[in-house]
Amino acid sequence: MSDDDYIYDEATGEWVPASQATTTAAPDDAVVVRDAVGNVLADGDQVTLIKDLTVKGAGQTLKRGTLIKSIRLTGDAQEIDCKFDGIKGLVLRAEFVRKRT
């Protein structure tokens, strides 16, 4: 990179020359989401329910053992976002799921 290149440093809020830019690691405040038995969950994992759950507003109950595919983390340590047939915007508590291996 030449001396004319500048990069915006979000940590300091200043434009710094590219030659002085430091590489930043992943944020230390990243949320770790764990299931009912302590397994770390990630985006795209498959989980199974460990308890019958009544879904508010949908008028149905998800039974124990139901497979939920392709979860997404929400940034909250206790909530995961997922899709299930006939239910839009389903958010489950991590304490009611177990990661499927």
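Asp81 and Arg72 form a salt bridge in which the closest N and O atoms are 2.5 Å apart; the term denotes a side-chain nitrogen of Lys or Arg within 4 Å of a carboxyl oxygen of Asp or Glu. The structure is a predicted model, in which local features need pLDDT of at least 70 and side-chain atom pairs count only at pLDDT 80 or more, whereas totals for chains, interfaces and linings use all residues. Residues are numbered from 1 along each chain as its sequence is written, and side-chain values use heavy atoms, with hydrogens and water left out.

**Salt bridges**

- A search of the whole structure finds three salt bridges.
- Buried means under 20% relative accessible area, exposed over 50%, and partly exposed in between, with a 1.4 Å probe and protein chains only.
- Lys99 and Asp45 also meet through their side chains in a salt bridge, at 3.6 Å from N to O. Lys99 lies in strand β12 (residues 97–99) and Asp45 in the loop between β4 (40–41) and β5, so this pair ties together parts that are 54 residues apart in sequence.
- Of these two partners, Lys99 is partly exposed with a relative accessible area of 28%, and Asp45 counts as buried at 16%.
- Glu95 forms a salt bridge with Arg93, with 3.0 Å between the closest N and O atoms. Glu95 is partly exposed at 37% relative accessibility, and Arg93 is partly exposed at 35%.

**Overall architecture**

- The protein chain contains zero helices and twelve strands. Helices (H or I, at least four residues) and strands (E, at least two) are DSSP runs, numbered from the N terminus.
- Of the 101 residues of the protein chain, 23% count as buried.
- Among the contacts in the protein chain with a separation of 6 or more, 45% are accounted for by residues 24 or more positions apart. Contact means heavy atoms within 4.5 Å.
- The protein chain exposes about 7,400 Å², of which carbon and sulfur atoms supply 46%. Accessible areas come from the Shrake-Rupley method with a 1.4 Å probe; for residues, only the protein chains shown count as cover.

**Nonpolar core**

- The largest nonpolar core has 16 residues, and those with the most contacts inside it are Leu41, Val47, Ile71, Ile80, Leu90, Leu92 and Val97. Such a core is a set of buried Ala, Val, Leu, Ile, Met, Phe, Trp, Tyr and Cys residues joined through side-chain atoms within 4.5 Å.
- Two or more residues of this core come from each of β5 (47–49), β6 (53–55), β10 (79–84) and β11 (87–93). The largest share, three residues, is given by β11.
- Beyond its neighbours within four places in sequence, Leu92 is in contact with Leu49, Leu53, Ile68, Gln78, Glu79, Ile80, Cys82 and Val97.

**Thr48 in strand β5**

- Thr48 is placed in strand β5 and counts as buried at 8% relative accessibility.
- With neighbours within four places in sequence left aside, the contacts of Thr48 are Gly65, Thr66, Leu67, Phe96, Val97, Arg98 and Arg100.

- Trp15 lies in strand β2 (residues 14–17), and Tyr8 stands opposite Trp15. Trp15 is exposed, with a relative accessible area of 58%.
- Tyr6, Tyr8 and Trp15 make a nonpolar surface patch of about 400 Å². Patches are made of residues with over 30% relative accessible area and no salt bridge; like charges are joined within 9 Å, and nonpolar side chains (Val, Leu, Ile, Met, Phe, Trp, Tyr) within 5 Å.

- Ser70 has a positive phi of about 55° although it is not a glycine. Most residues other than glycine have a negative phi.
- Ser70 lies in the loop between β8 (67–68) and β9 (72–73) and counts as partly exposed at 47% relative accessibility.

Definitions and conventions
Two strands pair if DSSP finds at least two bridges between them.
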